[in-house]
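Hi everyone, and thanks for making time today. I'd like to walk you through a protein that may be new to you, starting with one residue and then stepping back. Let's bring it up on the screen.

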Amino acid sequence: MNGEPFASMPQAGNGGAVHVEYVEHRPGEERKVKIALIQINPVIGDFQANGRKIVERANEARARGCRLAIFPELALPGYPPQDLLERDSFLADHDRALARLLAELPDIDVLFGCIVRREGGKGKRLYNSAVAVRDGRIVFRADKRLLPAYDVFDETRYFEPGLIPELYRVDDLCFAVTVCEDVWQHQIGEYRTQPVDELFAAAGAGGEKIDAVINISASPFQRNKELTRKAIFAEICRTWQVPFLYANQVGGQDSLLFDGRSHVLDRDGQTVCQAAGCSEDLVVVDSADWRGEMHAPAEVEELASIHDGLVMGVRDYVRKCGFSSVVLGLSGGIDSALTAAIAVAALGPDQVLGVAMPSVYSAAESLADARLLAQRLGCRFEVIPIKGLFDTFRQTLTPLFGDRPEDLTEQNLQARIRGNLLMALSNKFGHLLLTTGNKSEMAVGYCTLYGDMSGGLAVISDVPKQLVYRLAGYVNREREIIPARTIVRAPTAELRPDQRDQDDLPPYEMLDQVLEMHLEKGFALTDIVARGFDEAMVRDILRRIRINEYKRKQAPMGLKVTSKAFGYGRRYPNVQNYRE
């Protein structure tokens, strides 16, 4: 397999690394085989819990008459393990967990992702592999061939690319097995290897027929990505006239959201089996007609998918990090209202504390709307006025500030007072502090370090302002939860008299378009101006993006929903002097 035996693969009942021979398939009496696609929500490095999930779901598949159960990429260690892969102790614990797993799996074939050590030669010491277990032994292995190293991915840092695997046989069915990126070769132009084409070419040369393609994956969610996924998979189906079986990870992992939505496409690229989005699920497909269960619509509704992804991201980040409750500031504005609604949907109203912190510049309707929102959500609500604290700060600083007029300094003082109060509540009661800034604000630095940027998770920091409004409408789709006045009022930070966001920023409908073109599509200044935008405005927006890189480097982690978020997928220097 892949030009080498199963070197250093654990065997059932043995915690060490041993040689495992390839086991030929056992011919079945008929072609009909039930197959389970199983999406689980792993925790990186929790080998015991992840292994237990695999065993329990594999047993469920067996009970439902399945001959084969398919799990996602790196299902045992969780994805992405990042630099944990450089720790010998992590790899040793993984190998011991794999040995236990082999002994505990039921008497059906189970295909899942794990780490395989590479023996000898130059190159990386690990493979990102799909292995199939039968009767306590690994009978098949395919190593991932295309290792992404763009945006949030950095797999070439850890893994060696595999060679062309043999075909995987279950009874009299023959499968081409791929791992995630291996089926994206025509979408991502940087690859020279074409794994799917080469698998079919090798099968043809050997006189063998591939019955279906399997892809185990840990593919993060982003806005409208499902359309791209299915278009790529459907092209494979139509080109080679085979069904396509896709098993994807689900759950939040740091900033990444894995939406699951495992599915099967028929030979014409039509969805004939579909798992749910943003939750663990098991769906069964029958090889007799390659049709299966539909636990969700084949088509994804954009706002629902983004909302559900953010809810899942908050729930998993909070709980996987050992918290149970959250606190956030409720200003009466739309950003904090949407964040609160997402938090309540994720954790329940009893685990969410909203705090209003009015100043002398806060409008009465802001406090009223914040209170009404909390009532409708059913979450706890407290009010802490900051006027006295703000006065004390100013008095303390007067000997140093002298006659200098009030400016942005005093505005930021208010934001930092609020940030300190919220952090105090977080420390005292063990709540995780959620920040409420959106992507438009983060892009141009319309936020305050150690103020409204204080916290542990930035829920909507990858959600542009115009999308915030659309998501608020989605939250209110059945009944009014976010007060209508919150949605229609002009956005304001309320840090000075009669302040409005649009006094300091371009209109959000224009700002968001420029940001999308520049950040997500990579357009240069001249490209944007050529599309009818004022050059001075565009220059100012790009200047703000550039000079505020230092702020974003100190921001809490945010949940990724667009193709290019502010996080470890965007790597720009703080100190640079490039101008477009």
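**Starting from one valine**

Let's begin with V250, which sits in strand β12, a strand covering residues 250–253. Before we go on, please keep in mind that what you see is a predicted model.

Is V250 buried or exposed? V250 has a relative accessible area of 2%, which makes it buried. And which residues is V250 in contact with, once we set aside its neighbours within four places in sequence? Among them are Q39, I40, N41 and P42. The list also includes F258, D259 and G260, then C278, S279 and E280, and M312 as well. Take S279 from that list: S279 and V250 are 29 residues apart in sequence, yet their C-alpha atoms are 6.4 Å apart in space.

Now let's step back to the whole chain. Of the contacts between residues at least 6 apart in sequence, 72% join residues that are at least 24 apart. The chain has 17 helices and 22 strands. Its radius of gyration is 26 Å, close to the 25 Å that the globule rule gives for 580 residues, so the chain is as compact as a globular protein of that length. If you turn the model along its principal axes, the C-alpha trace spans about 90 × 50 × 45 Å.

Let's finish with the cysteines. A disulfide is a covalent bond between the sulfur atoms of two cysteines. How many disulfides does the count give here? The count comes to zero, taking a pair of cysteine sulfur atoms within 2.5 Å as the rule. C66 itself is buried, with a relative accessible area of 4%. C180 is in no disulfide either, as its nearest cysteine sulfur, that of C114, is 15 Å away. C180 also counts as buried, at 6% relative accessibility.

That's the tour, and I'm happy to go back to any part of it.

How values were computed. Residues are numbered from 1 along each chain as its sequence is written. This is a predicted model: local features need pLDDT of at least 70, side-chain atom pairs count only at pLDDT 80 or more; totals for chains, interfaces and linings use all residues. Side-chain values use heavy atoms; hydrogens and water are left out. Helices (H or I, at least four residues) and strands (E, at least two) are DSSP runs, numbered from the N terminus. The radius of gyration is taken over C-alpha atoms; the globule rule is 2.2 Å times the number of residues to the power 0.38. Contact means heavy atoms within 4.5 Å. Buried means under 20% relative accessible area, exposed over 50%, partly exposed in between (1.4 Å probe, protein chains only).
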